[in-house]
Every structure is written in C-alpha cells, then in structure tokens.
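Hi,

Here's the structure I said I'd pass on.

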Amino acid sequence: MGVSDNVAQAIEFNRGRLVDDLPIRQFLIDLRNERVLNDTDVDELELITSAKKQNNRFITILERRDDAAFYKFCNLLVRNQATAIQNLGRNLLQQVNTERNNLIQEVIENNRSRLVNDLPVQHLLIDLRNIKVLNDDDVDELDEITPAKKQNDRFVRILASRGDEAFYQFCNLLTRNQATAIQNLGRVLLQQAKNGSNQPNQSKYLASGGVDAVDTKERLVEYGKLH
C-alpha cells in the first residue's frame, strides 16, 4: 500500500535522525504487537547486527506500510522513557499532523452523505469502543439516538473531532466488515486520505461496488444477513 506523500516526506526529512538514533531493537516486540511489523519482518531485523543498517531496513519496511502504521510507530516513540526518542516521535507527528488533519476533515466532509445514509453505526459501537475511536460516554450517547441517520450524523461529528489515528482505525474497521458495501466505503476513505483527493471519485466508487451502487433496501438486507 505505502504511506501517503506527507508521511513519506516527514520520514525522509528525519531519515538521518532515525538511522542514527533509533533504538529499533528495543521496539521490535511492541511493533509486532501493534502490527506495524509481522513475524517475518522481526526475524529479518533481528538478524541485522549493525544498528544503522537495521534502522535503515526498518524505515524501508515502514514506508511500505500505511499511514496507520506510521502513527502507531510515532506513538510508541512518544511513550518511550528517553526524552530524545519522545521528541523524535513528536517531531514526526508535528510535521504531518497539521496538513493531514485538514485533509482528513475534507475526506470526512466529502463523504458525509454516504456515511450518514449508509453507515451501520449501531452495529459497530462495541468495536469502535474497543479500538478507542469512541469512549464509553460516546457509546452511551449514540446508543440513545434514533433514527439511524441522526445517529450516524452525530458519529460523523464525533469522528471529525478526533485525531488522524482514530480516522484510520475507523476506516480499517470498515474494510474488515463482512458486508462488501461497507468494506468498499472504508477503502474509498483510505484511498482519498492517501491520495489527498479533495473530491470523491464517483465513477471509481460506483465501479468498485460502493454503497451508492446498491439499493438501500438491498444494502440493509445484505448487512442483516451477515450479522
């Protein structure tokens, strides 16, 4: 998949510090637990004895992941006990976040009608709480809202107030859904966020089997059968 241009630029700008200063060996288990790295990546990195070569290889792997992996990596750095490593994580985030936040807001706004009309928020509340996109108060509030479109609209407002990581967690949750239309909605959001697209590509969305290509009744039947 690969990281977005903004993230790639932030990595490249900080490449020297990452190669020289990153204690990647001590992060390998956490990076695997966060699914930034897989078992094969960890095994490969553990065999590299030179710290700089190991760091450089990790950067190459990270650049091939998505933006969500980048944010997980940065958050691990920020939680480190060493101030220099914390600052490295904050610098990476700061360079990306201002422009990315504006872009994410645009992506959410451009897809607001699809999210309000088609999102099965009620069925996703527990998962959204488990991945910390929502907190307990959010879930309690949303649980009391009817009808579905009002509930969805309120969720979209909450999502827009959260950070980029919450947006990517939400999108990845959609892509893992059993309903094809919901998977496609998640993929469209991720693609627009990656490409920096200000406008949804309607023709590509419909061609991919997006939610607008499916009749509302058929969508609800499909989703109900799968849950």
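Predicted model: local features only at pLDDT ≥ 70, side-chain atom pairs only at ≥ 80, totals over all residues.

Residues are numbered from 1 along each chain as its sequence is written, and side-chain values use heavy atoms, leaving out hydrogens and water.

The largest pocket has a volume of about 520 Å³. (On a 1 Å grid over the protein atoms alone, a pocket is an open set of points with protein on both sides within 12 Å along at least five of seven lines, while a cavity is a set where a 1.4 Å probe fits but cannot get out; lining residues have an atom within 4 Å of a point. Points are joined across faces, edges and corners, and a volume is the space filled by probe spheres set on them.) Its lining has 20 residues, with Asn 33, Glu 34, Arg 35, Lys 72 and Gln 169 nearest the centre. Helix H6 (67-78) gives the largest share of that lining, 4 residues. (Helices are DSSP runs of H or I, at least four residues, numbered from the N terminus.) By class, the lining of the largest pocket splits into 5 nonpolar, 6 polar and 9 charged residues. (Ala, Val, Leu, Ile, Met, Phe, Trp, Tyr, Cys and Pro count as nonpolar, Asp, Glu, Lys and Arg as charged, and the others, Gly among them, as polar.)

You'll find Arg 35 in the loop between helix H3 (28-33) and H4. There's also a cis peptide bond between Thr 146 and Pro 147, with omega about 0 degrees. Most residues other than glycine have a negative phi, and most peptide bonds are trans.

As for helix packing, H4 (residues 39-46) and H5 (residues 51-63) pack at about 160 degrees, with axes 10 Å apart. (Axes are lines fitted to C-alpha atoms, for helices over the stretch in contact, and angles run from 0 to 180 degrees between N-to-C directions.) H4 and H5 are therefore roughly antiparallel, a label for angles over 145 degrees. In H4, Asp 41, Glu 44, Leu 45 and Glu 46 meet Gln 54, Arg 57, Phe 58 and Ile 61 of H5, contact meaning heavy atoms within 4.5 Å.

Cheers

Notes:
Helix = DSSP H or I, 4+ residues; strand = E, 2+ residues; numbered from the N terminus. Parallel < 35°, antiparallel > 145°, perpendicular 65-115°, else oblique.
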